[in-house]
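Here is a short briefing on one protein chain.

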Amino acid sequence: MNFKGLNLSLETLTGGKNTLIRDDLNVPSLMVRIPRFNIGDVITGGPDIPHPMFIIDGDVKDEIFIGKHLAYINKERAYSLAGKYPANYLTLKDAIKYSLNKGNGWHVMTNAERAGIALLCKANG
């Protein structure tokens with residue numbers, strides 16, 4: 001965005017909370033950045049270890065990205081963009097296929113991610 005000579009990125013405008021990530025066809029999705037947190041940060045008395053949502057194939061990630069908007073489908077691919085009608089009446093098999101069609105790293109949201117976000121929201125009121 002260029003506003004009166006300022007070149008402002010989405011990351012700058014959202015304080016680093018939102019970003020556009022492009023799939024293998026260079027089509028963007030609007031994603032929310034979730035920085036790593038420990039179980040003890042969201043559950044009183046919980047251990048000081050990363051929440052499982054940040055452990056991918058045995059590696060601990062510093063952050064993950066979740067689609068900001070409900071996904072819509074275009075050419076058998078799922079996208080997160082404002083102003084689009086979200087997909088409905090999908091089977092889980094189709095939802096997985098449409099996510100994986102986007103290329104490496106794209107997936108349907110996991111139970112660990114859903115649980116982690118719910119706990120983070122609860123911990124932050």
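Asp-23 and Lys-102 form a salt bridge, with their closest N and O atoms 3.6 Å apart. Asp-23 sits in the loop between strand 3 (18–22) and strand 4, and Lys-102 in the loop between helix 3 and helix 4, so the pair ties together parts 79 residues apart in sequence. Both Asp-23 and Lys-102 are buried. The model is predicted.

**Other charged pairs**

- The structure holds 6 salt bridges.
- In one of them, Arg-33 pairs with Glu-63, and the closest N and O atoms are 2.4 Å apart.
- Arg-33 belongs to strand 4 and Glu-63 to strand 7, so this pair ties together parts that are 30 residues apart in sequence.
- Arg-33 counts as partly exposed because its relative accessibility is 32%, between the 20% and 50% cut-offs.
- Glu-63 also counts as partly exposed, at 30% relative accessibility.
- The side chains of Lys-97 and Glu-76 meet in a further salt bridge, at 3.8 Å from N to O.
- This pair links distant parts of the chain: Lys-97 is in helix 3, while Glu-76 is in the loop between strand 8 (72–74) and strand 9, 21 residues apart.
- Lys-97 is partly exposed, with a relative accessibility of 33%.
- Glu-76 is partly exposed too, with a value of 42%.
- Salt bridges with shared partners join Asp-23, Asp-24, Arg-77 and Lys-102 into one network.

**The largest pocket**

- The volume of the largest pocket is about 1,100 Å³.
- Its lining is made up of 37 residues.
- Nearest the centre of the pocket lie Met-31, Gly-67, His-107, Val-108 and Met-109.
- By residue class, the lining divides into 23 nonpolar, 9 polar and 5 charged.
- Several elements each supply at least two lining residues: strand 4 (28–35), strand 5 (55–56), strand 7 (63–67), strand 9 (77–79), helix 3 (92–100) and helix 4.
- Strand 7 gives the most to the lining, with 5 residues.

**Gly-116**

- Gly-116 is placed in helix 4 (residues 111–123).
- Its relative accessible area is 0%, so Gly-116 is buried, the cut-off being under 20%.
- Leaving aside residues up to four places away in sequence, Gly-116 touches Phe-37, His-51 and Met-53.
- The C-alpha atoms of Gly-116 and Pro-52 are separated by 7.9 Å, although the two residues are 64 apart along the chain.

**Overall build**

- The chain has 4 helices and 9 strands.
- From the N terminus on, the elements run β-β-α-β-β-α-β-β-β-β-β-α-α.
- Along the principal axes, the C-alpha atoms fill a box of roughly 45 × 45 × 25 Å.
- Of the 125 residues in the chain, 24% are buried.
- Among contacts with a separation of 6 or more, 46% come from residues 24 or more positions apart.
- The accessible surface of the chain comes to about 8,600 Å².
- Carbon and sulfur atoms account for 55% of that surface.

Terms used. Residues are numbered from 1 along each chain as its sequence is written. This is a predicted model: local features need pLDDT of at least 70, side-chain atom pairs count only at pLDDT 80 or more; totals for chains, interfaces and linings use all residues. Side-chain values use heavy atoms; hydrogens and water are left out. Buried means under 20% relative accessible area, exposed over 50%, partly exposed in between (1.4 Å probe, protein chains only). Contact means heavy atoms within 4.5 Å. On a 1 Å grid over the protein atoms alone, a cavity is a set of points where a 1.4 Å probe fits but cannot get out, and a pocket is an open set with protein on both sides within 12 Å along at least five of seven lines; lining residues have an atom within 4 Å of a point. Grid points are joined across faces, edges and corners, and a volume is the space filled by probe spheres set on the points. Ala, Val, Leu, Ile, Met, Phe, Trp, Tyr, Cys and Pro count as nonpolar, Asp, Glu, Lys and Arg as charged, and the others, Gly among them, as polar. Accessible areas come from the Shrake-Rupley method with a 1.4 Å probe; for residues, only the protein chains shown count as cover. A salt bridge is a side-chain nitrogen of Lys or Arg within 4 Å of a carboxyl oxygen of Asp or Glu.
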